[in-house]
Amino acid sequence: MVYRLAKETDIDKICSLVENAVKKMESQLIFQWDDLYPTKADFLDDVQKQQLFIGMYNNDISVIYVLNKDSDKEYKNGDWKYPNSEYRIIHRLCVNPEYQNRGIAKLTLLHIEKKLREIGVETIRLDVFSNNPFALSLYQNNGYKKVGNADWRKGRFYLMEKHL
């Protein structure tokens, strides 16, 4: 797997990947994302800010994620265990449905953690949809701990944290 910053020329493939992922989630009764979020404009903004990363496998985008320090006000609801640590937040981690159930999400988390450790980041934060058992299992099995809740348009999300 090769990871790199996404480019504007990747946007159409990224949007197609996310559209297919939304269809798959909906077929599993997971109504986490839709046509209002995330959007092409969100991904273009991420590219411009150099915060959107892709993982390539066999010359195909197998996973995407955003990494930054941006959070909605609901993140104040978190009982963060390391409030003064240097942190980053994972947003929009999404595995291409063609590559799901191959350990790519776990491999990507390990990659993110390694890269963040190398630049002195101590903590990772994220939010996960409470009705997405696959994502919940991924994060819980990889050491992320629930520290609070955020209630957004699509329902309850758990705020999670992992100290590196």
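A salt bridge here is a side-chain nitrogen of Lys or Arg within 4 Å of a carboxyl oxygen of Asp or Glu. This is a predicted model, in which local features need pLDDT of at least 70, side-chain atom pairs count only at pLDDT 80 or more, and totals for chains, interfaces and linings use all residues. Residues are numbered from 1 along each chain as its sequence is written, and side-chain values use heavy atoms, with hydrogens and water left out.

**View 1. E74 and K73 pair up in a salt bridge.** The closest N and O atoms of this pair sit 4.0 Å apart. K73, at 63%, counts as exposed.

**View 2. Salt bridges turn up elsewhere too, and a search of the whole structure finds 16.** K49 bridges to D45, with 3.1 Å between the closest N and O atoms. K49 is partly exposed at 46% relative accessible area, and D45 is partly exposed as well, at 31%. E86 and R88 bring their side chains together in a salt bridge of 2.6 Å, N to O. E86 has 30% relative accessibility, so it counts as partly exposed. There is also a network: D34, R153 and K154 are joined by salt bridges that share partners.

**View 3. Q32 is tucked into a loop as a buried residue.** The loop runs between α1 (11-27) and α2 (40-48); helices (H or I, at least four residues) and strands (E, at least two) are DSSP runs, numbered from the N terminus. Q32 has a relative accessible area of 14%, so it is buried. What does the side chain of Q32 join in a polar contact? The partner is the side chain of N132, at 2.9 Å. (A polar contact is a pair of N or O atoms within 3.5 Å; within protein, one must be able to donate a hydrogen and the other to accept it, and residues adjacent in sequence count only if both atoms are side-chain atoms.) Setting aside neighbours within four places in sequence, Q32 is in contact (heavy atoms within 4.5 Å) with M25, F129, N132, K154 and F157.

**View 4. M160 is a buried residue of strand β7.** The strand covers residues 155-163. M160 counts as buried because its relative accessibility is 1%. Beyond neighbours within four places in sequence, its contacts include W80, I124, L126, V128, Y139 and Y144. G148 is 12 residues away from M160 along the chain, with 7.2 Å between their C-alpha atoms.

**View 5. M1, Y57 and L107 make a nonpolar surface patch of about 250 Å².** Patches are made of residues with over 30% relative accessible area and no salt bridge; like charges are joined within 9 Å, and nonpolar side chains (Val, Leu, Ile, Met, Phe, Trp, Tyr) within 5 Å. Accessible areas come from the Shrake-Rupley method with a 1.4 Å probe; for residues, only the protein chains shown count as cover. L107 belongs to helix α3 (residues 104-118) and is partly exposed, at 41% relative accessibility.

**View 6. Zooming out, the chain has four helices and seven strands.** Along the sequence they follow the pattern β-α-α-β-β-β-α-β-α-β-β. Of the 164 residues, 49% count as buried. The C-alpha atoms fill a box of roughly 40 × 35 × 30 Å along the principal axes.

Note on methods:
Buried < 20%, exposed > 50% of the residue type's maximum accessible area, 1.4 Å probe, protein only.
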